[in-house]
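Open your viewer and get your selection tool ready. We will go from stop to stop, picking residues as we walk.

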Amino acid sequence: MAKITVSTLAKMKRENNKITSLTAYDASFAKLFHDCGVDVLLVGDSLGMVLQGNDDTLAVTTDEVAYHTKCVRAGSKDVFVIADMPFMSYSNVQTSCENAAKLMRAGANMVKLEGGDWLYDSIKALTQQGIPVCGHLGLTPQSVHVFGGFKIQGRDDDKANKMVEDAKALEAAGAQLLVIECIPSALAKRITEAVSIPVIGIGAGKDTDGQILVMHDLVGISAGYIPKFSKNFLLETGNMHDAVKKYCDDVKAGLFPTNEHEFN
């Protein structure tokens, strides 16, 4: 598998070649995912829930994400690694740059920030300093208390239109990738067509440029429940390698997600 870069991902969007992505937190799974053909690994602050057992992601620290980023990078030198910027680690430009630098030094190729056009200055500063940025719109888990829970976003016209404009603003600021989470599939399609950067969806239907799942959901071992937008590929295949490979194959072929995994 050739080394994945931001240029690779941009080309994949232009050529309508679906991007596959999973969360990862250690070297062993990073190697497995890379060997199975996963394009992008996200060291998500989801580790607060699936590894630490918390109810949300808010307690995760930059040092914890950096530690797991270092572990994931050790598992694969060629895979593209995105590291989440944790809650309150990018509240202003200076803080954003300082914390993003820690994650890049740990082995990340890109950092991910949750939020809309208010991030413009921070994203611009990060990219000027040589730090690639991924935006995140829709259900942004760090804002769970503002939303009143893990709820579908963008269902009314005003909020949907604002999300499209936010996506454009993030691209204009310099973001080179965008994750959209738990939004209606029609809105996800609008956003994907409205920007020139690759858009990776989770619970956002099949019309995005790629898909991402939390690895624990992929194999049906998440504590609590498996989200509607996910699928237990391990149950279908019987072993970890085949489960990851089928996920990649199904995303590439447009067989996942299906209507049962999306929101209208």
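Leaving aside its neighbours within four places in sequence, which residues is V111 in contact with? Select V111 and you will find I82, A83, M85, A100, L103, M104, L126, I131, P132, V133 and C134, where contact means heavy atoms within 4.5 Å.

Before moving on, a note on the ground rules: this is a predicted model, in which local features need pLDDT of at least 70 and side-chain atom pairs count only at pLDDT 80 or more, while totals for chains, interfaces and linings use all residues. Residues are numbered from 1 along each chain as its sequence is written, and side-chain values use heavy atoms, with hydrogens and water left out.

**Next stop: the core**

Helices (H or I, at least four residues) and strands (E, at least two) are DSSP runs, numbered from the N terminus.

**Next stop: the rings**

The structure holds 5 aromatic pairs; Phe, Tyr and Trp rings (for Trp, the six-membered one) pair if their centres lie within 6.5 Å, and planes under 30 degrees apart count as stacked, over 60 as edge-to-face and the rest as tilted. Select F29 and F33: their ring centres are 5.8 Å apart and their planes meet at 40 degrees, so this pair is tilted. Both sit in helix α2 (residues 27-35), 4 residues apart, about one turn of the helix.

Is F33 buried or exposed? F33 is buried, at 1% relative accessibility, whereas F29 is partly exposed at 26%. Buried means under 20% relative accessible area, exposed over 50%, and partly exposed in between (1.4 Å probe, protein chains only).

Then pick Y247 and F256, an edge-to-face pair with 6.1 Å centre to centre and 65 degrees between the planes. Y247 is buried at 0%, and F256 is buried at 4%.
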